[in-house]
Amino acid sequence: MSITVLKPGLQSSFQDMGRTGYQHLGVPVNGAMDERAHRLASLLVGNAPTRATLEITLVGPVLRFEAAACFALAGADLGATLNGAAVPMLRPQLARAGDLLAFPARAAPGRGARAYLAVHGGYAIEPVMGSESTYLRGGFGGLDGRALIRGDVIGLRRTLRGDGSLAALDASMQALRLYLPATLVGAPRAALRVVPGSHWDLFDAESQARFVQTEFRVSPASDRMGYRLAGPGIHQTSEIQMLSEAACFGSVQVPSDGQPIVLMADRQTTGGYSKIVQVISADLPLLAQYAPGQGLRFALTTLEEAQRLDQARERAYAGLETALAPLREQLSACIGQ
């Protein structure tokens, strides 16, 4: 009832919706960089999003299933194969004992940086502070607080019976027809939508215009904590000192050198740099798929539009969960003892 890691990939770690409720103690939220891909992969195998998926960055692992399992992939297409045959994205798939899941291709430029692997029932991970997410810098959560290494054995909470019921399940999954509304597809945009941040007015009109009219580039120094952006200098009009305040996913801070930093999933709990804008929640998944060296632009929108998009996204998730109810029932009927 496990998966064996034959090759670990560049950085593969377990992430869920995040470790909330502990920022006042200095514990970061963590969680999936691309929440949309994490939730889609989870839904496709009948899991709640509170179950971790395996977040795979740029170069994927080679994994061997030691028992039958239902899995799904979402996010960046890293060229996944099962026993050498291509695995489609955003589809529930069946793996049998001994099957090899590999990712022989590096993510193509501009095609995303992170894929998410979910298995029905979830991985056998002990929650830490209510979350299965890995905090790589802190060394806790997930699998021993680290990324995968060669030889790891990952327990599965549920496996499928290796009998004739698998053939019927496989046929049902192959025949499954799914409609993903545009709000869940994650099509690339020319610019990420932002709303003015709490310190927008501390920047003069020239800096505000420069921020939304020019292209930045994601620095190689970027990671799960933050994306450092290289581009035209953005500077405040005053030397006012900021009091530290809570840090949010997608907040764009501007330090004294004028080069913005976008706070990401492993962000610090508080920060004292001025916040010029906030990336809207609907576009955070797009932001998470940017790779080092890639160009990045921003465009202003309104709070009302951001809220409308967020509500439409939640309705789409609810509709997909309803549509997948028959598959969940069939999976439950195939659970092994």
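Predicted model: local features only at pLDDT ≥ 70, side-chain atom pairs only at ≥ 80, totals over all residues.
Local features need pLDDT of at least 70 and side-chain atom pairs count only at pLDDT 80 or more, while totals for chains, interfaces and linings use all residues. Residues are numbered from 1 along each chain as its sequence is written, and side-chain values use heavy atoms, with hydrogens and water left out.

- Strands here are DSSP runs of E with at least two residues, and helices are runs of H or I with at least four, both numbered from the N terminus.
- Strand 5 (residues 69-75) is largely enclosed by the rest of the structure, because six of its seven residues are buried (under 20% relative accessible area, 1.4 Å probe, protein chains only).
- Three bridges link strand 5 to strand 8 (residues 93-95) in the antiparallel sense; pairing requires at least two DSSP bridges.
- Strand 10 (residues 114-119) also runs antiparallel to strand 5, joined by five bridges, and there Val-119 stands opposite Phe-71.

**Nonpolar cores**
- A core is a set of buried Ala, Val, Leu, Ile, Met, Phe, Trp, Tyr and Cys residues joined through side-chain atoms within 4.5 Å.
- The largest has 55 residues, and Leu-160, Tyr-227, Ile-276, Leu-287 and Phe-298 touch the most other members.
- Helix 1 (residues 35-44) gives the most to this core, five residues.
- A second, separate core of 28 residues includes Leu-82 and Ile-125.

**Aromatic rings**
- Six aromatic pairs occur in the structure (ring centres of Phe, Tyr or the six-membered ring of Trp within 6.5 Å).
- One aromatic cluster is formed by Phe-211, Phe-216 and Phe-298.

How values were computed: Buried < 20%, exposed > 50% of the residue type's maximum accessible area, 1.4 Å probe, protein only. Phe/Tyr/Trp six-rings, centres within 6.5 Å; stacked < 30°, edge-to-face > 60°.
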